[in-house]
Amino acid sequence: MSAVPPPIETPAVALPDRDFESARSAAIEVVADRASTTWTDHNVSDPGVTLLEAVAWGNADLHFRTGSRDLGAWPLEVPVNALPQEPHWSGVPLASDAAGLLDLAVRLAERGSDSRPVASHLRDAIANATSSQTAAAAIAGRVFAAPSAGAPPFSWAQAAGAVRLLRGPVVLRAALDGSALVAGAIESAGSDDTRAAELLRRETSLDEIWDDELAGLIRRERRRERGRAVAEMRERIAAMTDPAAMLTALQEIEGLTAAEARIARALHPCPQGLAPEHWEVEERDHAHTPAQREIHPHGQTRIWPPHPVQVRTCEPVTADDYARRARTATGVRRAWVVPRVVLPGIAWDGSIVAPPAAGDPFLERAGVVTLLVEPVNPPAAAAKPAFLRAVLRTVLGEPVPRATPPAADGRLPDDRAELDAPFQLWRADLDAAAPRRTLCDELGVALLDRCPITLKGVIHAPAGTDRAALLERARDRVAAFFTEGRPESRPPAEEILTCPSGIEGSWPPVPQPADGWIPGDAIRLSELVQCLSDEPSVLGIEGLQLAVGDGPWLPNPGITGHVDLPPNCIPVLSSRNCMQVTLELASECGRG
């Protein structure tokens with residue numbers, strides 16, 4: 001009797017990764033919170049929940065496939081590694097742009113004069129061809145559609161693509177059914193492809209395959225052979241740390257090209273010194289024409305599934321990503337994201353957001369994301385709009401034209417930048433870094449404000465204390481506390497990067513400076529009392545209150561607690577001094 005197999009256990013998922021159920025639950029929580037008044041039915045029967053579950057499932061499935069990828073089949077097996085302008089392993093090119101493919105599909109679906117599809121007429125035209133070249137020549141320059149259609153003659157590129165599509169099933173069937181025959185012929189012929197083709201010509205099952213298609217089958221098997229050799233080096237490559245040594249080892253494989261060896265370094269789960277771009281197409285790989293660059297932009301992956309490092313850098317834009325990008329802008333020291341709050345500054349469309357009227361709260365709206373930035377040197381009032389627009393362009397990765405100077409308010413006459421020309425229907429010339437904004441994010445930018453804080457209270461000190469000197473030292477301590485911020489509120493120290501799990505997005509690792517007050521953090525009275533009491537001459541503090549700007553004294557006497565600050569504000573000690581010093585005649589702190 002066979003033993004009972006152990007139950008299947010799913011691997012633990014560590015955030016930010018999620019399995020389907022955790023992704024679904026998190027999504028439902030967000031919907032319930034943000035759409036509580038407009039979407040109250042969260043049952044499985046609700047169509048919106050069905051769509052949400054489909055998105056969660058697709059996301060979880062993608063994470064599973066890319067996270068558990070192994071290269072047993074090796075990435076060169078997948079045609080995506082080839083440059084778009086390179087032909088298929090069959091040797092016959094096919095339009096790689098969507099417009100070209102659609103145009104060819106429309107041509108093939110047209111009706112001829114006898115109401116048969118054009119594709120049927122094309123099969124008749126190439127029936128006696130002996131190669132892909134002669135087949136394309138039989139189609140090029142001819143019109144097969146009905147006269148009423150008014151279709152132009154087939155171009156040579158369309159003719160070659162039509163041959164590829166019409167002969168594709170025949171060639172693919174031979175590649176699959178005859179893979180053992182091809183492998184055996186290559187083994188017998190060694191490195192002689194001509195000899196391998198001669199051996200395959202003796203196989204009657206391949207009689208309908210043209211000579212150039214037979215050469216394609218041999219090329220395919222040669223690539224698969226190299227792929228198997230690369231896969232056998234998986235553990236060896238994964239144990240290396242030097243990318244140059246990986247290249248040297250991979251080039252030992254017979255027939256492996258230098259480009260294939262560079263791609264094959266994806267066998268390493270996280271090679272040192274290699275960025276996602278090492279497995280992605282560069283713009284210089286393409287013909288340097290605007291049309292070619294538009295069809296095949298920088299960043300197209302060469303391997304599939306993507307390398308884990310690529311996967312991590314293609315994660316959705318997060319609040320930390322926005323803030324990290326903002327910290328790379330010229331003149332920015334610190335940056336944060338304030339969600340759902342409209343702060344005075346520059347809106348996503350370049351318009352100026354005015355501060356709320358006196359006494360009015362800040363406007364809150366779902367979908368709003370405000371970047372709050374602290375400049376190294378605060379700009380003058382007239383220069384603030386230009387500074388904030390420059391920061392927003394950096395965050396969005398939008399191009400900045402150099403020929404035309406900006407206007408006085410910082411606006412740039414550039415139809416490529418959403419900030420300067422919003423509501424565009426189409427943008428076809430984005431650069432390699434754009435777009436950066438997540439769909440539906442109403443992304444604005446605001447300047448960090450400083451709230452003057454005035455303290456009021458009584459400091460008890462021993463007799464003989466210099467009151468003025470004590471007040472100056474006490475104020476210096478409070479000012480330093482506001483400048484340095486709470487130790488527990490500071491960002492954690494940068495840990496050693498764990499690759500690839502420690503990589504978060506395709507934005508540069510620009511950590512937040514450790515010192516400084518976090519905007520919007522409340523001021524706790526107990527902390528101020530402790531700060532003042534740390535001065536050796538202070539015996540005690542009585543009746544401590546504070547005022548934010550011209551506001552009232554807070555909190556009310558006898559109530560311990562905290563004082564809230566606006567979300568765009570950090571505290572600074574005002575020049576007003578309402579603290580008093582009382583000298584104690586007795587050694588205790590009691591009032592004599």
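What follows is a walk through this protein chain, from its overall make-up to a handful of individual residues.

The model is predicted, so a few ground rules apply: local features need pLDDT of at least 70, side-chain atom pairs count only at pLDDT 80 or more, and totals for chains, interfaces and linings use all residues. Residues are numbered from 1 along each chain as its sequence is written, and side-chain values use heavy atoms, with hydrogens and water left out.

Let's begin with the whole chain. It has 18 helices and 11 strands; helices (H or I, at least four residues) and strands (E, at least two) are DSSP runs, numbered from the N terminus. Of the 592 residues, 40% are buried. Here buried means under 20% relative accessible area, exposed means over 50%, and partly exposed is in between, with a 1.4 Å probe and protein chains only. The chain exposes about 32400 Å², and carbon and sulfur atoms supply 56% of that area. Accessible areas come from the Shrake-Rupley method with a 1.4 Å probe, and for residues only the protein chains shown count as cover. As for how the chain meets itself, take the contacts (heavy atoms within 4.5 Å) between residues at least 6 apart in sequence: 70% of them join residues at least 24 apart.

Now to a pair of helices. Two packed helices are described by the angle between their axes and the distance between the axes. Helix α7 (residues 179-189) and helix α9 (residues 211-232) have axes that come within 10 Å and cross at roughly 75 degrees. That makes α7 roughly perpendicular to α9. The axes are lines fitted to C-alpha atoms, for helices over the stretch in contact, and angles run from 0 to 180 degrees between N-to-C directions. Angles under 35 degrees count as roughly parallel, over 145 as roughly antiparallel, 65 to 115 as roughly perpendicular and the rest as oblique.

Who meets whom there? On the α7 side you'll find S179, V182, A183 and I186, and on the α9 side L217, I218, E221, R222, R224 and E225. The residues of this contact divide into five nonpolar, one polar and four charged.

Is I209 buried or exposed? I209 counts as buried because its relative accessibility is 3%. V170 sits 39 residues away from I209 in sequence, with 7.8 Å between their C-alpha atoms.

Over to the strands. T370 belongs to strand β4 (residues 363-375) and is buried, as its relative accessibility is 4%.

R340 is in strand β1 (residues 332-342). R340 has a positive phi of about 65 degrees although it is not a glycine, and counts as partly exposed at 33% relative accessibility. S115 is another non-glycine with a positive phi, of about 70 degrees. S115 lies in the loop between α3 (98-109) and α4 (118-125) and is exposed, with a relative accessible area of 52%.

R486 counts as buried, at 4% relative accessibility. Its side chain makes a polar contact with the side chain of E527 at 2.7 Å. A polar contact is a pair of N or O atoms within 3.5 Å; within protein, one must be able to donate a hydrogen and the other to accept it, and residues adjacent in sequence count only if both atoms are side-chain atoms. Beyond four places in sequence, the contacts of R486 include F481, W517, D521 and E527.

Finally, V548 is in strand β8 (residues 540-548) and is partly exposed, with a relative accessible area of 22%. V548 and I453 are 95 residues apart in sequence, yet 5.0 Å apart C-alpha to C-alpha. In the loop between β8 and β9 (562-563) you'll find P555, and the peptide bond from L554 to P555 is cis, with omega near -15 degrees.

Terms used:
Nonpolar A, V, L, I, M, F, W, Y, C, P; charged D, E, K, R; others polar.
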